[in-house]
Amino acid sequence: MPVEQARRFRHNSHAQNLGGKEDLAGPFPPMGNPPVVKISLIQLAVVLLAALALELTLGRTIALSALLGGTLCVLPNMYFGLRAFELLGAGHRKLRGARASQRTVGSFYRAETGKFVMTLVGFAAVFATVRTLNPAVLFISYGLCVILHWILVARLHTTK
């Protein structure tokens, strides 16, 4: 059985503009923007549906705890994705090309720091203000939301 040759993608690099090879990208397609908002909206929809189902079956305290745990996962993740890929704010779409690597790394560090602070402040605010809370459900829903994020990233990455 003959082996098919991998499909080659063209890209518009600086080398190509100067007369270099057109297929420098090899078998990989050019990168686009990551599906940050799509993943976060799917997560949020799952969290809302789970909270609604829990409200109807197990009560308001369990549903509120699950909703807060999921929200404490979704919002910092969305912030991280938008900030890391500079899709948030006035400087969006400036990271292109190999020379922007230091700026990209700095953007990822700032995004991770912001995500960490948002998560810590979110948990502190929830524990300080919400009186009727089930901590076990809060942490379980947070953990399940993190796992859902991993699954969605892997699924969307393999289907592209």
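Glu55 is found in helix H2, which spans residues 36-57; helices here are DSSP runs of H or I of at least four residues, strands are runs of E of at least two, and both are numbered from the N terminus. The model is predicted, so local features need pLDDT of at least 70 and side-chain atom pairs count only at pLDDT 80 or more, whereas totals for chains, interfaces and linings use all residues. Residues are numbered from 1 along each chain as its sequence is written, and side-chain values use heavy atoms, with hydrogens and water left out.

**Overall architecture**

- The protein contains five helices and zero strands, and its pattern along the sequence reads α-α-α-α-α.
- Of its 160 residues, 28% count as buried, where buried means under 20% relative accessible area, exposed means over 50%, and partly exposed lies in between (1.4 Å probe, protein chains only).

**Annotated transmembrane regions**

- An unreviewed UniProt entry carries the annotation "transmembrane region" for residues 36-56, 62-85, 113-130 and 136-154; the positions follow the numbering used here, feature names are shortened, and annotations may be inferred rather than shown by experiment.
- In the model, residues 62-85 are 96% helix and 0% strand, with 35 Å between the end C-alpha atoms.
- Residues 113-130 are 94% helix and 0% strand, and their end C-alpha atoms lie 25 Å apart.

- Side chains of opposite charge can pair when their charged atoms come close.
- The count comes to one salt bridge, defined as a side-chain nitrogen of Lys or Arg within 4 Å of a carboxyl oxygen of Asp or Glu.
- Arg60 and Glu55 form a salt bridge through their side chains, with an N to O distance of 3.3 Å.
- Arg60 is exposed because its relative accessible area is 61%, while Glu55 has 29% relative accessibility and therefore counts as partly exposed.
- Between the C-alpha atoms of Glu55 and Ala66, 11 residues apart along the chain, the separation is 9.7 Å.
- Val46 also has its place in helix H2; its relative accessible area is 39%, so Val46 is partly exposed.
- Ala50 is another residue of helix H2, and with a relative accessible area of 35% Ala50 is partly exposed.
- Ala50 and Ser141 are 91 residues apart along the chain, and their C-alpha atoms are separated by 9.3 Å.

**Aromatic contacts**

- Rings of Phe, Tyr and Trp (its six-membered ring) pair if their centres lie within 6.5 Å; planes under 30 degrees apart count as stacked, over 60 as edge-to-face and the rest as tilted. By this rule there are five aromatic pairs.
- Phe123 and Phe139 are a stacked pair, because their ring centres lie 5.4 Å apart and their planes meet at 15°.
- This pair links distant parts of the chain, with Phe123 in helix H4 (residues 101-129) and Phe139 in helix H5, 16 residues apart.
- Phe123 counts as buried because its relative accessibility is 13%, whereas Phe139, at 44%, counts as partly exposed.
- Phe123 also forms an edge-to-face pair with Tyr142, at 5.2 Å centre to centre and 70° between the planes.
- One aromatic cluster is formed by Phe123, Phe127, Phe139 and Tyr142.

**Charge over a ring**

- The charged end of Lys115 sits over the ring of Phe80, 5.5 Å from the ring centre; the criterion is NZ of Lys or CZ of Arg within 6 Å of the ring centre and within 35 degrees of the ring normal.

**Nonpolar surface patch**

- Ile140, Leu144, Ile147, Trp150 and Ile151 make a nonpolar surface patch of about 540 Å².
- Patches are made of residues with over 30% relative accessible area and no salt bridge; like charges are joined within 9 Å, and nonpolar side chains (Val, Leu, Ile, Met, Phe, Trp, Tyr) within 5 Å.
- Accessible areas come from the Shrake-Rupley method with a 1.4 Å probe, and for residues only the protein chains shown count as cover.
- Ile140 lies in helix H5, residues 135-159, and its relative accessibility of 53% is why Ile140 counts as exposed.
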